[in-house]
Amino acid sequence: MAITQVGVVGCGLMGSGIAEVAARSGYATVVREVSAELVTKGRGRIEKSTATAVEKGKLTAAQRQEILGRMRFTTAVEDLAGCDVVVEAATENPALKKELFAALDRACKPETILASNTSSIPIIELAAVTRRPEQVVGLHFFNPVPVMKLVEVVKTIRVGEAAIATARAFAESLGKRPILAKDRAGFVVNVLLVPYLLEAVRLVEQGVASPEDIDEGMRLGCGYPMGPLQLLDFVGIDTTFYIAEILFEEFKNPHYAPPTLLRQMTIAGLHGRKSGKGFYSY
Ligand code: CAA
């Protein structure tokens, strides 16, 4: 299937990255946020990121204008009607995502492939609220989207081979490397990554080492670009907490149980970089 127009639902950390990469890859991109205020914030994020790319000589000012010119922002789901692929990147909340998928199914043309960037919710739960489960896939990007090369393409028990082939080709057209995963909470990467991040929080809780030393341990000892607590602040304390809850619900394995400290930081608004404070201050 030929893709010319891409929709992105949600213009937060992930959605703005996905929208930017889509527009940079030449697609007419429609971005939907829930309010005018969030549209302004999301658009600002993309303007800033593309301005940095110009400063670094990765884009010319004219290319940046072309990219921004390919993007349209809206608060109406109906404006995504003509998109060939829609990637949903809303908050990691199953009820909210189901509502969105039902709305997207009503609004979009019959051929549209509906994809979710969820990190942990089984895609079949979203497919099941639509009349097109054979066209619903997972497309899981990684933060920062313009930099990270991976996309997990998630295959449900109802999806058609054609939709999977289109999703893979779409990921490749964005300059990404797709890997295929079965539709199980956490797919591949988060099943491995989340217990590691939670264990780092437990080390802090138990006073085994300071956040700085834990991070230095993994950076210098294992060559990771960021330590686990830095990464938690980067991904979002709240986001990781929600992912852990979903994984724990699915597997009932204590490895995935969110530690008390993570829960309390989420409640307290210590969400990491985006809120100015998490394990570190920004
Ligand atoms: N947008 C665009 N480009 C960015 C960027 C952003 N937000 N952040 C960094 N970059 C680019 C920089 O421009 C720079 O490019 P050049 O080398 O071409 O100049 C390059 O990335 C490296 O950036 P920096 O030199 O500023 O900083 P760094 O070397 O410390 O790298 C990093 C930053 C790429 C984020 C690196 O620290 C890293 O890879 N961290 C780990 C990130 C990670 O693990 N992400 C996955 C999180 S899990 C997830 O997303 C899924 C989930 O479901 C939870």
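1. A residue is called buried here when its relative accessible area is under 20%, exposed when that value is over 50%, and partly exposed in between, with a 1.4 Å probe and protein chains only. By that definition Asp105, at 4% relative accessibility, counts as buried. The model is predicted, so that local features need pLDDT of at least 70 and side-chain atom pairs count only at pLDDT 80 or more, whereas totals for chains, interfaces and linings use all residues. Residues are numbered from 1 along each chain as its sequence is written, and side-chain values use heavy atoms, with hydrogens and water left out.

2. Salt bridges, meaning a side-chain nitrogen of Lys or Arg within 4 Å of a carboxyl oxygen of Asp or Glu, number 14 in a search of the whole structure. One of them joins Arg131 to Asp105, with the closest N and O atoms 2.9 Å apart. This pair links distant parts of the chain, 26 residues apart, since Asp105 sits in helix α4 (residues 94-107) and Arg131 in the loop between α5 (123-127) and β6 (136-141). Helices (H or I, at least four residues) and strands (E, at least two) are DSSP runs, numbered from the N terminus. Whereas Asp105 is buried, Arg131 is exposed, at 62% relative accessibility.

3. Elsewhere, salt bridges with shared partners join Glu88, Glu92 and Lys97 into one network.

4. Helix α10 (residues 237-251) packs against helix α11 (residues 260-268) at an angle of about 130°, with the axes 9 Å apart. Angles under 35 degrees count as roughly parallel, over 145 as roughly antiparallel, 65 to 115 as roughly perpendicular and the rest as oblique, and α10 and α11 are therefore oblique to each other.

5. On the surface, Ile179, Val188 and Leu192 form a nonpolar patch with about 250 Å² of accessible area together; such patches take residues with over 30% relative accessible area and no salt bridge, nonpolar side chains being joined within 5 Å. Leu192, in helix α7 (residues 189-205), is exposed, with a relative accessible area of 63%.

How values were computed: Patches are made of residues with over 30% relative accessible area and no salt bridge: like charges are joined within 9 Å, nonpolar side chains (Val, Leu, Ile, Met, Phe, Trp, Tyr) within 5 Å. Accessible areas come from the Shrake-Rupley method with a 1.4 Å probe; for residues, only the protein chains shown count as cover. Axes are lines fitted to C-alpha atoms, for helices over the stretch in contact, and angles run from 0 to 180 degrees between N-to-C directions.
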